[in-house]
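Morning, everyone. Please have a look at the structure first.

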Amino acid sequence: MIKKLLNLNKGFTLVELMISVAIFAFMTAFLVAKYGTFNQGILLTNLAYDVALTIRNAQSYGLNVKSRPVSGGASFSSEFTYPYGVRFDRSSLNKAKVVFFVDANLNGAYDEPDEEISTSNIKRGSYISGLCMGSGGCTYANNIDVLDITFKRPDPNAIIKGKYSGSVVAGNQTYAEITL
């Protein structure tokens, strides 16, 4: 008889079950709330890697003597002296684009659309929010609207040029900052 009474007392009480469900619901709500910011952080990190890869691709093309495409990109020229670069533009029409280009007229900047090789569209609500360049750092005073980074053989260093309201600010700077 005593053995039967002990078997009846095994299991969870209603209070224990409610506390377990409440803890589970709280942890689930917490994870769901944090997932949105975690996902956005991952997307922004991937975007930064894509931008860095595009700049590295321009450097590789410029230094490895890639000839420039002619006649719509179907064939290539026999000259190997052209710089390659990347353009960032924070104007309302282009703030979600990164343009990879060949500098066919050797001016160190992108001239639409003849020099364009490819355009990468920035997606999922991200955009270029700030551009700046200088010789050692960025301040509010040296914010710009357009940033061109080019690479020309044999120098592996970037040629950085910027524009503010259509006029060239300065060329051959040593520092640029892109805010996404």
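This is a predicted model. Start with Asp103. Asp103 is buried, yet has no salt bridge. How far away is the nearest side chain of opposite charge? That side chain is Lys161, at 6.7 Å. The cut-off for a salt bridge is within 4 Å, so Lys161 does not count as a partner for Asp103.

Where does Asp103 sit? Asp103 is in the loop between S4 and strand S5, residues 116-121. What does Asp103 touch, leaving out residues up to four places away in sequence? The contacts are Tyr82, Pro83, Gly108, Ala109 and Glu115.

Now the pairs that do form. Side chains of opposite charge can pair when their charged atoms come close. How many salt bridges does the structure hold? Two.

Take Arg87 and Asp148. Their closest N and O atoms are 2.7 Å apart. Buried or exposed? Arg87 has 8% relative accessibility, so Arg87 counts as buried. Asp148 is buried too, with a relative accessible area of 2%.

The other pair is Arg90 with Asp145. Here the closest N and O atoms are 3.4 Å apart. Again, distant parts of the chain are linked, 55 residues apart. Arg90 is in the loop between S3 and strand S4, 97-102. Asp145 is in the loop between strand S7, 143-144, and S8. Arg90 is at 29% relative accessibility, so Arg90 counts as partly exposed.

That's my part. Comments, please.

Methods:
Residues numbered from 1 in each chain as written. Predicted model: local features only at pLDDT ≥ 70, side-chain atom pairs only at ≥ 80, totals over all residues. Heavy atoms only, no water. Buried < 20%, exposed > 50% of the residue type's maximum accessible area, 1.4 Å probe, protein only. Helix = DSSP H or I, 4+ residues; strand = E, 2+ residues; numbered from the N terminus. Lys, Arg positive; Asp, Glu negative; His and termini not counted. Contact = heavy atoms within 4.5 Å.
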